There are 2 protein chains.
Amino acid sequence: MNLRTPGPTPCPPEILAALGRQMIDHRGPEAAAMITRLTAALQRAFQTRNDVVIVTASGTGGLEAAVANVISPGDKVLSVSIGVFGDRFAAIARAYGAEVMSLSSEPGHAADPGAVAEALAADPSIRAVLVTHNETSTSVTNPLADIARVVRESRDRDGSPLLLVDAVSSMASIPVLVDEWGLDVVVSGSQKGWMVPPGLAFLSISARAWKANARCTSPRYYFDAARHRDAAAKGQTPWTPALSLFFALDVALEMLEREGWDNVFSRHARVAEFTRRGVQELGLELLADQRFASNTVTAVRAPEGVDVSALRKLLRDEHGVVLAGGQGPLAGKIVRIGHLGLVAESDISEALSALGSALASLGFRPPARV
Amino acid sequence: MNLRTPGPTPCPPEILAALGRQMIDHRGPEAAAMITRLTAALQRAFQTRNDVVIVTASGTGGLEAAVANVISPGDKVLSVSIGVFGDRFAAIARAYGAEVMSLSSEPGHAADPGAVAEALAADPSIRAVLVTHNETSTSVTNPLADIARVVRESRDRDGSPLLLVDAVSSMASIPVLVDEWGLDVVVSGSQKGWMVPPGLAFLSISARAWKANARCTSPRYYFDAARHRDAAAKGQTPWTPALSLFFALDVALEMLEREGWDNVFSRHARVAEFTRRGVQELGLELLADQRFASNTVTAVRAPEGVDVSALRKLLRDEHGVVLAGGQGPLAGKIVRIGHLGLVAESDISEALSALGSALASLGFRPPARV
């Protein structure tokens, strides 16, 4: 199968082999050395000196950890949402009793840093801003550096508002400069650019966020960041970790650092560009505002009259290519091609060629070129 | 290494192989068939017709899911704790704002069902009882059937109090009759008798618990049981699951059902008895009240003058045997031998023989027999 969903990404053989390692004592010296090594490598990947913790949970669990650790019931929160995952981040904050104000964009569009600045200026009592760096549901990457700048410029002496970033599907594929941009809590998930199966989330936590954490009244135990930080200092996790995924992450980080982060980012940029060009050459339309096109996933508008379920089934059954469909308001309207983690141009060529012939067999004829 | 901690348990080769399977689309038909199959097999293992959900988290996450789904801030809760894991369950309830009353026992002793009955009779406003079935920190198995009976007998017309059971380290090794005993929320974890690496928790939820869930005001999102139940009905999980561990669980459940649950339980009972006898033959003392000795782990009192850290290091470095130490008030006072999941008498013979010679080299001489 050519698995071309935007996560889980296929895993290289070295990583699959690591998953099959026998269990070890998670409180023993071998685990301690590994957890210490992983924490340091994740800090390098996050480009941060902030604490980084690893929780056994999927990306959504990581987002909940971000909220539960720094947002208290009644806190005013600005949700900057450009799709399903932005809405999910806001829903979690709402579940924890935050008063959420929403700034949303049409599917395919990025957030406007100017509008964020205005919203923050209009209400200085906003305690946190939630933003999705890379919105997988629409294949748009937000201008995070610019959004972070306006949040920084609006900060009061208490360090408020905090900036909480869903970097689940960007980190390890697209540069995220945690320290340079002043990002307070940043979340990623193992099944994306890291090339590891799902089940681990990573969070970086700034000094400002730790201050908010100390006074945060939201209930938390499993996701309690302070317990994770304190355990990590001893080479442990507070609860039994998903050891197999830790073994895999250990190999993955070594592979990614051997490739070099800059090379990883440029490979993603190159393959993404190759994908977008190929889609257009098939006579298909891209959903995203191309100034903010994602380097990890590409959303393609389904041509008029093509049934997306039938298309995806045909691709899977006849061509061995798995694409994702649309979510929420985009269900039935787009297909999404994942190009993150273990990916090269050849995977995309194969997927696009399959897409072209599947569409043809469903009756689609590309518009004549001018 | 002969890993003899009370979890993670070593995994059989078939399960290690399954962990190395390539990723699949977690929303596709193959995943749906697997999730449906796993859910049904877990219901058989739990001996229940209640809903069973799988969350990507360790056992502690499962305990938090139990609390967050049915206990609201201000609820009165009776914690029946006989050790570290009982205390942890209570701490989670406290973190969620419950008013926790504690009924605790000396390390090594089981809970007294009569005392539970008295506590419930004394305060009819208690909404939930928290109990650890098998307390790993002291190697004691509580008389859960009797505790469940007194809880049932104290229930009012609204179904209160609920009985929440930490069966993390018992289920799949020791019989837990969820329906027959009327257990409302029961939690287990993959790294125990299931022979799967850590990272998955399983919860069964009774009709009474669903009623409490519907009016529960605790914040929850990642662990929201209703979302898990609704997704499972479609062969999905609400968030990306730890697929590798699902593959492993699929193989594990097939192996366990092939062995037959009764045989699995009797193997654990037999190996546990073998362990306890062997420990005593070494001239060592058992911690637990032997009427309630656990069939998954055995706590052994460290002989006077023996340094437990030195003993464990010697066992690991010179004999390739990993035992657990004591936790909380028992740190430095006991070693614990795990015998759950992948275990046979030969593993225990090897561990006990290593224990005997390591103790001898640390100067321990068994007391003369009478």
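1. Start at the interface. Across it, chain A and chain B have twelve residue pairs in polar contact, with both partners at pLDDT 80 or more. A polar contact is a pair of N or O atoms within 3.5 Å; within protein, one must be able to donate a hydrogen and the other to accept it, and residues adjacent in sequence count only if both atoms are side-chain atoms. Five helices of chain A each supply at least two residues of the side that touches chain B: α1 (13–19), α3 (59–70), α4 (84–95), α10 (243–259) and α12 (308–319). The largest share, four residues, comes from α4(A). Helices (H or I, at least four residues) and strands (E, at least two) are DSSP runs, numbered from the N terminus.

2. A word on the basis. This is a predicted model, in which local features need pLDDT of at least 70 and side-chain atom pairs count only at pLDDT 80 or more, while totals for chains, interfaces and linings use all residues. Residues are numbered from 1 along each chain as its sequence is written, chains are lettered from A and ligands numbered from 1 in the order in which they are written, and side-chain values use heavy atoms, with hydrogens and water left out.

3. How much area is buried between chain A and chain B? About 3700 Å², with carbon and sulfur atoms giving 65%. Buried area is the accessible area (1.4 Å probe) that two parts lose on being put together, summed over both. In chain A, M23(A), Y221(A) and Y222(A) lose the most area to chain B, together 16% of what that side buries.

4. Now the contacts. 49 residues of chain A touch 49 residues of chain B, where contact means heavy atoms within 4.5 Å. The copies meet through the same surface, because 100% of the interface residues of chain A are also interface residues in chain B.

5. Look at the salt bridges. A salt bridge is a side-chain nitrogen of Lys or Arg within 4 Å of a carboxyl oxygen of Asp or Glu. The whole structure has 40 of them over all chains. Four lie between chain A and chain B. D25(B) pairs with R312(A), the closest N and O atoms being 3.8 Å apart.

6. Which residue forms a salt bridge with R37(A)? D250(A) does, with the closest N and O atoms 2.6 Å apart. D250(A) lies in α10 and R37(A) in α2 of chain A, so the pair ties together parts that are 213 residues apart in sequence. D250(A) is buried at 17% relative accessible area, whereas R37(A) is partly exposed at 43%. Buried means under 20%, exposed over 50%, and partly exposed in between (1.4 Å probe, protein chains only).

7. In chain B, R291(B) and D289(B) form a salt bridge at 2.7 Å between the closest N and O atoms. R291(B) is exposed at 67%, but D289(B) is buried at 14%.

8. Finally, check T39(A). This residue lies in helix α2 (residues 29–45) of chain A. T39(A) is buried at 15%. A polar atom of its side chain lies 2.7 Å from the backbone oxygen of I35(A).
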